[in-house]
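Here is a short report on a two-chain model. It covers the interface first, then each partner.

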Amino acid sequence: MRCIAQGTLIASLERNYAVGQESSVLLNNGDPLRLRTTPPPAVYLSLGQRFEIVRDDAITDGPYRVHTREYWYQFSLEDGRELFAFHWTPDAADSRQRRYPHLHVGVALLLPETPILPGVLHKRHIPTGRISIENIVRFAIEELGAEPLIDTWHDVLDQGQQQFNSYRRP
Amino acid sequence: MASQVPSQSTIRRAEREPFAIERISRREGSALLDRQARKYLGMSGDAFRQQYRAGTLDSEDSRVIRVSFLLPLAEN
């Protein structure tokens, strides 16, 4: 995150990250964080992850790793209208949710009368692969025009993505 | 309006300081849950917790998703 913004991720002080205990991290107290984008308008990022520590004897520097239970990454405008939202809830019990990683195209990007599914297209789930935070930061810089705050952002993201790929499980 | 281009001092500060991780107590988590549930959904943190656990909130609503990430910070 330090590649594109200054802020905080909040996490629990009292949770000891025992195996099987669910925890979460949330960007900026749950409020959208403004990115420095060129050209305007300003784009805001919201981000949350729910995770647990699991035992995994298959990894070489284990035996513990972080297992993602849910992620939500949202880009929006200052007025709150959504641009994109990447969401994954693999354990969702609610039948309205999709268990595969997906993308929502926000209302800010859609015509009032879309050629298909007018009025509800933003609620539809476009399948994606698993999206890492590194993917999101890279998308913000390379596609949305967010100004990188550090010169080494490319290396930082490559290293993080490498770790993500190494520890990811189906 | 703030500058759209990060200043050199901002860039130097970002290189020096990693992105901060703030660890908050359960009490602080509960207060934050209450504040954000009121701000985004117009309900108390307790009401949000009950309705979310009962499955009566729209779990696809981005406001609900946003606030739901605060639950593990406010619970045992």
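How many residues of chain B are in contact with chain A? The count is 30 residues of chain B, against 35 residues of chain A. Contact means C-beta atoms, placed from the backbone, within 7 Å.

The model is predicted: local features need pLDDT of at least 70, side-chain atom pairs count only at pLDDT 80 or more, and totals for chains, interfaces and linings use all residues. Residues are numbered from 1 along each chain as its sequence is written, while chains are lettered from A and ligands numbered from 1 in the order in which they are written.

Helices (H or I, at least four residues) and strands (E, at least two) are DSSP runs, numbered from the N terminus.

Strand 1 of chain A (residues 8-12) runs parallel to strand 1 of chain B, joined by five bridges. Strands pair if DSSP finds at least two bridges between them. In this pairing, Leu9(A) stands opposite Ile21(B).

Chain B has five helices and one strand, in the order α-β-α-α-α-α from the N terminus. Of its 76 residues, 28% count as buried (20 or more other C-beta atoms within 10 Å of the residue's own, all placed from the backbone).

In chain A, the buried residues of helix 1 (residues 133-142) include Ile136(A), Val137(A) and Ile141(A).

Terms used
Contact = placed C-beta atoms within 7 Å. Buried ≥ 20, exposed ≤ 12 C-beta atoms within 10 Å, placed from the backbone.
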